[in-house]
Amino acid sequence: SVFRDWVEVDPAGGGYVVIKMDIEGGEYPMLMEAAESGVVCEYLRGGNSVHWMVEFHYKSLRGAVGFEKEKGKHQANKKLLEDCGVVFSNAPAVWG
């Protein structure tokens, strides 16, 4: 798990992780891995906080080969993470 490699649960709690993700479609498999691995929820249960800013590439991935499974489950994966305490916000594209 990518997340298990960098998230360490501090038994004292109080940690704060900010994730900003704009990875041109890679957000779908990353979100799926975070939800399925349970690492992020485990981190939160340890008294820590996670704020995840993500730009979802809905339009650019229509019909994209390789992301169908992940994209189709992204709302359920996001809800699972929200239910354990992840705070999500939109990271809109800023040009100029």
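Buried means under 20% relative accessible area, exposed over 50% and partly exposed in between, with a 1.4 Å probe and protein chains only. Helices (H or I, at least four residues) and strands (E, at least two) are DSSP runs, numbered from the N terminus. In general, an α-helix has 3.6 residues a turn, so residues three or four places apart point the same way.

This is a predicted model, in which local features need pLDDT of at least 70 and side-chain atom pairs count only at pLDDT 80 or more, while totals for chains, interfaces and linings use all residues. Residues are numbered from 1 along each chain as its sequence is written, and side-chain values use heavy atoms, with hydrogens and water left out.

Now show the whole protein. It has five helices and three strands, in the order α-β-α-α-β-α-α-β along the sequence. Of its 96 residues, 39% count as buried.

The axes of H2 and H5 come within 9 Å and cross at roughly 45°. Axes are lines fitted to C-alpha atoms, for helices over the stretch in contact, and angles run from 0 to 180 degrees between N-to-C directions. H2 and H5 are therefore oblique to each other; angles under 35 degrees count as roughly parallel, over 145 as roughly antiparallel, 65 to 115 as roughly perpendicular and the rest as oblique. Which residues make the contact? On H2 they are Tyr28, Leu31, Met32, Ala34 and Ala35, and on H5 they are His74, Asn77, Lys78, Leu80 and Leu81. Contact means heavy atoms within 4.5 Å.

Stay on H2 and select Glu27, which lies in this helix. Is Glu27 buried or exposed? At 0% relative accessibility, Glu27 counts as buried. Leaving aside neighbours within four places in sequence, Glu27 is in contact with Met21, Val54, Glu55, Phe56 and His57.

Now display the aromatic rings. A search of the whole structure finds two aromatic pairs. The ring centres of Tyr28 and Phe56 are 5.8 Å apart and the planes lie at 45°, so this pair is tilted. Rings of Phe, Tyr and Trp (its six-membered ring) pair if their centres lie within 6.5 Å; planes under 30 degrees apart count as stacked, over 60 as edge-to-face and the rest as tilted. Tyr28 is in H2 (residues 27-37) and Phe56 in the loop between strand E2 (49-54) and helix H4 (68-72), so the pair ties together parts that are 28 residues apart in sequence. Both residues, Tyr28 and Phe56, are buried.

For the other pair, select Trp52 and Phe88, which are stacked, at 5.5 Å centre to centre with 20° between the planes. Trp52 belongs to E2 and Phe88 to strand E3 (residues 87-90), so parts 36 residues apart in sequence are tied together. Trp52 and Phe88 are both buried.

The last stop is Ala91, in the segment after E3. Ala91 is buried, with a relative accessible area of 7%. Its C-alpha atom is separated by 4.9 Å from that of Val54, 37 residues apart along the chain. Not counting residues up to four places away in sequence, Ala91 touches Met53, Val54 and Glu55.
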